[in-house]
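Please open the model in a viewer and keep the sequence panel beside it.

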Amino acid sequence: MADPMTQSAQISSSQGLADGQNSVAAKDSKMSDSFLSSSPVSLIQSPQVKDLVHWRDPKKSGVVFGLSLLTLLSLAAFSVISVISYLLLALLCVTITFRIYKSVVQAVQKSNDGHPFKALMEKDVSIPPETFHKHVDVSLTYINRFLKQMSKLFLVEDLIDSLKLAVVMWLLTYVGAVFNGITVLILADILLFAVPPFYEKNKTQIDRYMEIARTQVNTTMAKLQEKLPGAVKRTKAE
């Protein structure tokens with residue numbers, strides 16, 4: 001029969017191990033939630049972005065769309081360094097002009113209002129270390145998941161997924177032959193602000209056609225998978 005002291009030590013060790021596993025699981029769950037909340041998908045699905053792309057406030061959406069399109073067109077015509085330099089120069093001209101104007105007004109009126117940007121200068125623009133570390137951890141999680149997925153695709157863990165990637169890369173070679181990166185970004189910006197309102201007005205018809213296309217793709221993929229050798233068929237649980 002086991003010694004009571006030994007049994008107590010074993011129970012304590014088991015409880016400690018269970019607590020450690022629960023702590024790790026809770027940490028992973030928290031990290032996953034943080035990752036999902038900071039991912040690009042969640043950013044696109046945020047209410048603020050939805051309101052912009054659906055033109056809930058036409059003035060705000062128009063300003064954002066116009067500025068983003070103007071920036072991309074500028075990048076297409078000039079170098080990145082030139083665009084950034086002109087933007088900063090324009091901002092500097094505005095602030096210097098306003099500073100001189102306020103100084104002249106104060107001199108004429110003999111007032112002592114102080115620096116016109118005093119309220120902005122007193123604001124704390126530093127990044128807290130906690131916020132920086134949080135975003136670094138979230139970014140690292142995102143990068144690790146991306147690298148893991150890429151390793152699965154390029155090492156052909158699943159033949160179907162690797163073939164899908166090969167088809168996409170092959171199609172992108174034709175896209176790259178016609179468009180450059182800036183042109184693709186310009187088209188993406190236009191579609192981002194044009195497609196959501198169009199989809200909202202024609203949601204029923206578009207969903208019906210999308211379902212038909214999805215069914216055809218799934219049927220084709222299922223037939224292709226049936227023709228593959230048994231060693232390379234999908235083994236993932238549905």
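Begin with helix 9 and helix 10, which are roughly perpendicular to each other (a term for angles of 65 to 115 degrees; under 35 counts as roughly parallel, over 145 as roughly antiparallel and the rest as oblique). Their axes come within 5 Å and cross at roughly 95°; axes are lines fitted to C-alpha atoms, for helices over the stretch in contact, and angles run from 0 to 180 degrees between N-to-C directions. Helix 10 covers residues 203-227. To display the contact (heavy atoms within 4.5 Å), select Phe198, Tyr199, Glu200 and Lys201 in helix 9 together with Lys203, Ile206 and Asp207 in helix 10. By class, this contact of helix 9 with helix 10 holds 3 nonpolar, no polar and 4 charged residues. Here Ala, Val, Leu, Ile, Met, Phe, Trp, Tyr, Cys and Pro count as nonpolar, Asp, Glu, Lys and Arg as charged, and the others, Gly among them, as polar.

A note on the model is in order before the next selection. The model is predicted: local features need pLDDT of at least 70, side-chain atom pairs count only at pLDDT 80 or more, and totals for chains, interfaces and linings use all residues. Residues are numbered from 1 along each chain as its sequence is written, and side-chain values use heavy atoms, with hydrogens and water left out.

Now colour the whole chain by secondary structure. The protein has 10 helices and 0 strands; helices (H or I, at least four residues) and strands (E, at least two) are DSSP runs, numbered from the N terminus. Of the 238 residues in the protein, 11% are buried, where buried means under 20% relative accessible area, exposed over 50% and partly exposed in between (1.4 Å probe, protein chains only). Among contacts between residues at least 6 apart in sequence, 58% join residues at least 24 apart.

Next, select residues 63-94 and 178-199, which the unreviewed UniProt entry lists under "transmembrane region"; UniProt positions are given in the numbering used here, feature names are shortened, and annotations may be inferred rather than shown by experiment. Residues 63-94 are 94% helix and 0% strand, with the end C-alpha atoms 19 Å apart. Residues 178-199 are 91% helix and 0% strand, with the end C-alpha atoms 27 Å apart.

Move to helix 7 and helix 8, whose axes come within 8 Å and cross at roughly 95°. Helix 7 and helix 8 are therefore roughly perpendicular to each other. Lys152, Leu153 and Phe154 of helix 7 make the contact with Asp161, Ser162 and Leu165 of helix 8. These residues divide into 3 nonpolar, 1 polar and 2 charged.

Most residues other than glycine have a negative phi. Val156, in the loop between helix 7 (129-154) and helix 8 (159-178), has a positive phi of about 55° although it is not a glycine. Val156 is partly exposed, at 44% relative accessibility. Lys110 likewise has a positive phi of about 55° and lies in the loop between helix 5 (80-109) and helix 6 (118-121). Lys110 is exposed, with a relative accessible area of 76%.

Finish at Thr95 in helix 5, which is partly exposed at 27%. Draw a C-alpha to C-alpha distance from Thr95 to Phe117: the two are 22 residues apart in sequence and 9.0 Å apart in space.
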